[in-house]
Amino acid sequence: MAYKIPESVLVVVYTRQLEVLLLERAKQAGMWQSVTGSREPDDPDLEATARRELLEETGLSVGTLTDWGHVNRYEIWPQWRAKYAPDVTHNTEHVFGFLVDSATVATLDPAEHVAQLWLPWQEAMERTFSPTNREAISQLPRRVLGHTGPA
């Protein structure tokens, strides 16, 4: 069995109006998230991982991908550890943003996601289950509008 690489990307898909695309996980009803995925051995770099995951999970390829230069390291949840080598307990997640012109209907992979929502950034932040995803979404006003306080 090939184990997952404990290095992944988190890609926040958003518009200039600070609308954020969230995807509902297929096997965990009510668990909403941005695009995420592990680096594959054939991915030449993390940007390639981000573009591959965007395409696989949403069908989106037209937009501006930006490496936010933010890295999270967190403990892998017990229910997902079997996908990694036995001695692996933590994952390193690299955060990217993907700016699109407008809220677009994504083409979902039904094995991964069953629903999608475009929400204002504050609502998206509240809806996502992942603390690192919430933190990334919270950065949108500063990254897009240059605001340092609440938008």
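What is the accessible surface of the protein chain, and what share of it belongs to carbon and sulfur atoms? In this predicted model, the surface amounts to about 8000 Å², with 52% belonging to carbon and sulfur atoms.

## Overall dimensions and charge

The protein chain has 151 residues and a radius of gyration of 15 Å, which agrees with the value near 15 Å that a compact globule would have. Along the principal axes, its C-alpha atoms fill a box of roughly 45 × 30 × 30 Å. Of the 151 residues, 43% count as buried.

Side chains of the protein chain include 14 positive and 21 negative ones, and the centres of these two sets are 4 Å apart.

## Secondary structure and contacts

Four helices and seven strands make up the elements of the protein chain. Their order from the N terminus is β-β-β-β-α-β-β-β-α-α-α. Among contacts between residues at least 6 apart in sequence, 69% join residues at least 24 apart.

## Nonpolar cores

The largest nonpolar core holds 16 residues, of which Val-12, Tyr-14, Val-20, Leu-22, Trp-68, Ile-137 and Leu-140 touch the most other members. Two or more residues come from each of strand E1 (7-14), strand E2 (19-25), strand E6 (90-99), helix H2 (121-127) and helix H3 (131-138). The most are given by E1, with three residues. Another core lies apart from this one; it has 15 residues, including Leu-21, Val-35, Phe-96 and Ala-106.

Leaving aside residues up to four places away in sequence, Leu-22 touches Trp-32, Gln-33, Ser-34, Ala-115, Gln-116, Leu-117, Leu-119, Ala-124, Arg-127, Thr-128 and Ile-137.

Key:
Residues numbered from 1 in each chain as written. Predicted model: local features only at pLDDT ≥ 70, side-chain atom pairs only at ≥ 80, totals over all residues. Heavy atoms only, no water. Core = buried A, V, L, I, M, F, W, Y, C linked by side-chain atoms within 4.5 Å. Buried < 20%, exposed > 50% of the residue type's maximum accessible area, 1.4 Å probe, protein only. Contact = heavy atoms within 4.5 Å. Rg over C-alpha atoms; globule rule 2.2 N^0.38 Å. Areas by Shrake-Rupley, 256 points an atom, 1.4 Å probe, with all protein chains shown as cover. Lys, Arg positive; Asp, Glu negative; His and termini not counted. Charge placed at Lys NZ, Arg CZ, Asp CG, Glu CD.
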